[in-house]
Amino acid sequence: FMDVGARGGVVEGLSPLSAAVDAICFEPEPKEAARLQRDVQGNWASFKVLPTALGGADGAKSLYVPKTEQSASLLKHNEDMVSRFGNESMHKIDKVIEVDCKTIDTLCTEGMISQATYMKLDIEGVELDLLKSAESVLQTTVALRLEVSFLEQRVNQPLIWEIVDWLQSKNFEVIDIIDVHRWRRRNIPAAPYRSRHKMSFSKGRVAQCDLMLLRKFDEDSPLECQVQAVLIMAALGYFDSSIQLLRDNHRIDQFWHEKHGFSLEKSLEIESRKVGAVESWSYLLGHLRALVPAVRSA
């Protein structure tokens, strides 16, 4: 598992598999990298944080840092976002620092990494450049999560349409849209809430989201990669995708049964019931908590 842009904590999801997963995280800011390594959560087979900046080319690059440091980017921020949405702390550059960047393929050549079965990218507009410089490693990737934007938050930032088009050409398909952010003027709360301002209510404009992508397999795809995809999809809760992969290639369950002595499909059915119970209660409790501000707003 490779987490590029791990500031704030490693993305959740792989905990059911963590004991069998080698995790490599990238965070260029040394103090944050040290904190991530110190405060690691989960029982990973191995866990390593590299204080390295990744980009689309090797060499020294300028990192543009606003007050909200999570929004730091190798691309200049588009300050038009401030006048449109008021997110000054995210889009007004506070300082510029020089960082030494490497591509993923360079790290592979140097022996620092060899593959990335599941990759998560959150690097504020540089995702496509990084993927284009990681084609050798991307061939080992079966699942991918990345942040994309509907707005040009950074100057010359590739938008969602260009990124999805390129990934489709590399045999990935979008299976989910996660963590959708809708923006509106700062003094207006998120829909469905309203405030006492003159313009008391408005729906927001979709600004950014995360995409979950899965590699498309054929009969010549390595069986091990297909098994990995089944397990990752199940760990992330996409049991339908796991079962579909199993039924598209009956060799997967046969391989698993010969190696481990039990049916993978039947085990996934049991696990899906367990996860469903937890998710249903979490959903119910979350909506009960949300009733308080909703009733107050109404």
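How much space lies in the second largest pocket? In this predicted model, the second largest pocket holds about 650 Å³ of space. It is lined by 24 residues, and those closest to its centre are Ala20, Val21, Gln115, Thr117 and Gln228. Strand E2 (22–26), helix H8 (223–235) and helix H10 (251–260) each contribute at least two residues to this lining, with H8 giving the most, 5 residues. By class, the lining of the second largest pocket comprises 16 nonpolar, 5 polar and 3 charged residues.

The largest pocket has a volume of about 1000 Å³. Its lining is made up of 42 residues, of which Arg7, Glu27, Gln70, Asp122 and Glu124 lie nearest the centre. Among the elements that give two or more residues to this lining are strand E5 (59–66), strand E6 (93–102), E8, E9 and E10, and the largest share, 5 residues, comes from E6. The lining of the largest pocket divides into 18 nonpolar, 10 polar and 14 charged residues.

Within H7 (residues 160–169), the buried residues are Ile160, Ile163, Val164, Trp166 and Leu167. They cover an arc of only 165° around the axis, and therefore lie on the same side of H7. An α-helix has 3.6 residues a turn, so residues three or four places apart point the same way. On the other side of H7, Trp161, Asp165 and Ser169 are exposed. Following H7 comes Asn171, whose phi is positive, near 70°.

How values were computed. Residues are numbered from 1 along each chain as its sequence is written. This is a predicted model: local features need pLDDT of at least 70, side-chain atom pairs count only at pLDDT 80 or more; totals for chains, interfaces and linings use all residues. Side-chain values use heavy atoms; hydrogens and water are left out. Buried means under 20% relative accessible area, exposed over 50%, partly exposed in between (1.4 Å probe, protein chains only). Helices (H or I, at least four residues) and strands (E, at least two) are DSSP runs, numbered from the N terminus. The arc is that of the directions from the helix axis to the C-beta atoms. On a 1 Å grid over the protein atoms alone, a cavity is a set of points where a 1.4 Å probe fits but cannot get out, and a pocket is an open set with protein on both sides within 12 Å along at least five of seven lines; lining residues have an atom within 4 Å of a point. Grid points are joined across faces, edges and corners, and a volume is the space filled by probe spheres set on the points. Ala, Val, Leu, Ile, Met, Phe, Trp, Tyr, Cys and Pro count as nonpolar, Asp, Glu, Lys and Arg as charged, and the others, Gly among them, as polar.
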